[in-house]
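Student: I would like to go through a model and learn how to read its features one at a time. Please give the general idea before each case.

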Amino acid sequence: MLALIYKKKKLLEFQNIKEEKTKKNFLKLDVNYVSICGSDILGYLGQSPGRIPPLVLGHEFTGNYNSKNFVVNPIISNKNSASLKQFSNLDKDMQLLGLHLDGALKERINVPKKNLLFFNHKKYPSYLMSLTEPLACAINAVNSSKVKQNDNILILGNGCLGFMIGLILKLKKFRKIHVYDKLKSKRNLSKKNGSKAINFNQIKKNSYGVIFDCVGSTSTQKLSLKSIKNGGKIVLVGYKVNSSGIDFVEVVRRQLSIIGIMAYNSLQFKEAFNIIKKNYKIFNGMVKIYQFSEAKLAFKNASKINNSFLRHIIKI
């Protein structure tokens, strides 16, 4: 079975690996499409603690079994309690494909049956259904912020997660949504989800009730502190290793809330799946598709600073 192996920083190699034995309550899927997440890029760049080579990356994906197509929730947990549906991403024993376990950038993969959501591939494009996973992250970010209708909202970074957070907020009828990204091409994407793109000099000091930092750099963390209202909430959606832009003395003295976002629970994943089915057309023209043989190029392009696509997606 052919797989793309993350060997070391900036080095990916195709390799034939042994087929996995199918476990009880698992299915072996043929992988269809794998979307490259920002955390996959950080792994590729050697900046994602926990992604230890050799490793097969990829956790945003679709697959098929007996001609039936599925979106896969990549969070693996052995627990089945009702409460787990609400806290599966916080389970101390959970494992994420492409981080703790080999991911989907290979021809076939074993996944739990309970993690599969069926869709009609003739009605819903499989490559766009792979965007279910990041949309679930966006839902968790918005829900965790407990944002109010009268809050001024700022999204820093209008890549895939920033754009999807803006989309979720608009679907929930929020109106005061500002978006900033260094790239004009990324700022312009806000026209598609109804948020308002602004320039750097338009970001006002101490004026936002909730800020979603989808970049996680030292500079965006400092900008968040400068722009947030006293008593406001900064939601950390993205991260960069060794970022140091949060002054915790200021956090205490201004009674700010810092909220970290880790993936999503299984209920949010299903919600994202249903939203994608209703709204997938909004992503047309915003992703780039590659053949499996072009996967190295896909990672190289996705890691460029001036990358203008929301996602680079690999057809296995």
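Student: Which residues does Gly216 touch, not counting residues up to four places away in sequence?

Tutor: Some ground rules come before the answer. This is a predicted model, in which local features need pLDDT of at least 70 and side-chain atom pairs count only at pLDDT 80 or more, while totals for chains, interfaces and linings use all residues. Residues are numbered from 1 along each chain as its sequence is written, and side-chain values use heavy atoms, with hydrogens and water left out. Contact means heavy atoms within 4.5 Å. By that criterion Gly216 touches Gln221, Gly238, Tyr239, Lys240 and Ser243.

Student: Where is Gly216 found, and is Gly216 buried or exposed?

Tutor: Helices (H or I, at least four residues) and strands (E, at least two) are DSSP runs, numbered from the N terminus. Gly216 is in the loop between β13 (208-213) and α8 (218-227). For accessibility, buried means under 20% relative accessible area, exposed means over 50%, and partly exposed lies in between (1.4 Å probe, protein chains only). Gly216 has 1% relative accessibility, so it counts as buried.

Student: Why is strand β4 described as largely enclosed by the rest of the structure?

Tutor: Strand β4 covers residues 60-65, and five of its six residues are buried, so the rest of the structure largely encloses the strand.

Student: Which strands pair with β4, and in what sense?

Tutor: Two strands pair if DSSP finds at least two bridges between them. Strand β3 (residues 26-35) pairs with β4 in the antiparallel sense over five bridges. Asp30 has Asn64 in β4 as its bridge partner. Strand β5 (residues 68-72) also runs antiparallel to β4, joined by four bridges. In that pairing, Tyr65 stands opposite Lys68 in β5. A hairpin is formed by β4 and β5 with two residues between them, and Asn66 in the turn has a positive phi of about 50°.

Student: How many salt bridges does a search of the whole structure find?

Tutor: A salt bridge is a side-chain nitrogen of Lys or Arg within 4 Å of a carboxyl oxygen of Asp or Glu. The search finds six. One of them joins Glu250 and Arg254, with the closest N and O atoms 2.8 Å apart. Glu250 is partly exposed at 26%, whereas Arg254 counts as buried at 15%.

Student: Which residues are linked with Glu19 in a network of salt bridges?

Tutor: The network links Glu19, Lys28 and Arg108. Between Glu19 and Lys28 the closest N and O atoms are 3.3 Å apart; between Arg108 and Glu19 they are 2.3 Å apart. The latter pair links distant parts of the chain, 89 residues apart: Arg108 lies in strand β8 (residues 108-112), and Glu19 in the loop between β2 (11-16) and β3. Glu19 is partly exposed at 36% relative accessibility. Lys28 is partly exposed at 24%, and Arg108 is partly exposed at 24%.

Student: Which residues make the nonpolar surface patch of about 310 Å²?

Tutor: Patches are made of residues with over 30% relative accessible area and no salt bridge; like charges are joined within 9 Å, and nonpolar side chains (Val, Leu, Ile, Met, Phe, Trp, Tyr) within 5 Å. Accessible areas come from the Shrake-Rupley method with a 1.4 Å probe; for residues, only the protein chains shown count as cover. Here the patch is made by Phe87, Leu90 and Met262. Leu90 is in the loop between α2 (84-87) and β7 (95-96), and at 59% relative accessibility Leu90 counts as exposed.
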